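Subject: Structure for you to look at

Hello,

Here is the structure I said I would pass on. Please open it before you read the notes under it.

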Amino acid sequence: MKRGLILVCFVLFLACSSGFGQSFFPGIVQVTAGVGFGGGPTVISDPSPTATNTGAAIYRTLPFAAEFGISPHMGIGLQYRKDKYVNNTDSVNALANNFSLLYNYHFVITHQTNSFVGFKAGISDFTFEKVRTPDVFEKTGPILQLCGGVNMFIQSKIGLQLNFGWNTLIYRNGSLIDSDTRERTPYGVTVNGIEFGLSAFYIL
């Protein structure tokens, strides 16, 4: 049994260590999809921009990205991510659709791995509905993210990515709308948080 396990591990090692070129280079196109989880503080301006209270939120994110290598160390691209939030101060159903441009700087580049740091900037469409009351909040605002991670190849074109990031999403000067009366109350939300994720990637 032990010999069989050792043999399997050895074969996997050979498969993962052969057939690789440089793991990042100009012209490379990397498509990534995965899942992440995070959380952090929220700031809510309710009922007016001068009255604020703080809370916390946790969320799950589903990111999809494409990155293009423009130099031996730099890549640019696009990301779409869908976030689902849970807040500790309100019983709400909250979702966000985010579209961002991305920039990554890759370092410690080997044949099988490369580490990176970068940032993303874009727009976010945010919607939440309070469960206990008929209130709805919808707003588009900016999203900013500082990020980093490591890409690890398991075949010549396929691999896994471990990543982390700090996010800021800002939805200011919006309105909380009563679904029954259509009455509007000034409302704004700022969400900050750190996240960790795991993705799979494919090289086109």
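Predicted model: local features only at pLDDT ≥ 70, side-chain atom pairs only at ≥ 80, totals over all residues.

Cavities

The count comes to 2 cavities of 30 Å³ or more. The largest cavity holds about 270 Å³ of space. Its lining is made up of 26 residues, and those closest to its centre are Ala65, Gln79, Lys120, Gln161 and Asn163. Several strands give two or more residues to this lining, including strand 1 (29–45), strand 2 (52–69) and strand 8 (184–203). Strand 2 supplies the largest share, with 6 residues. Sorted by type, the lining of the largest cavity has 10 nonpolar, 12 polar and 4 charged residues.

Two residues

Is serine 199 buried or exposed? Serine 199, which is found in strand 8, counts as buried because its relative accessibility is 3%, and the cut-off for buried is under 20%.

Valine 35 lies in strand 1. At 32% relative accessibility, valine 35 counts as partly exposed, since that value falls between the 20% and 50% limits. Among its contacts, with neighbours within four places again left aside, are Arg60, Leu62, Gly197 and Ser199.

How far apart are the C-alpha atoms of valine 35 and serine 199? They are separated by 6.3 Å, although the two residues are 164 residues apart along the chain.

Regards

Technical notes: Residues numbered from 1 in each chain as written. Heavy atoms only, no water. 1 Å grid on protein atoms, 1.4 Å probe; cavity = no way out; pocket = protein on both sides within 12 Å on 5 of 7 lines; lining within 4 Å. Points joined across faces, edges and corners; volume = space filled by probe spheres on them. Helix = DSSP H or I, 4+ residues; strand = E, 2+ residues; numbered from the N terminus. Nonpolar A, V, L, I, M, F, W, Y, C, P; charged D, E, K, R; others polar. Buried < 20%, exposed > 50% of the residue type's maximum accessible area, 1.4 Å probe, protein only. Contact = heavy atoms within 4.5 Å.
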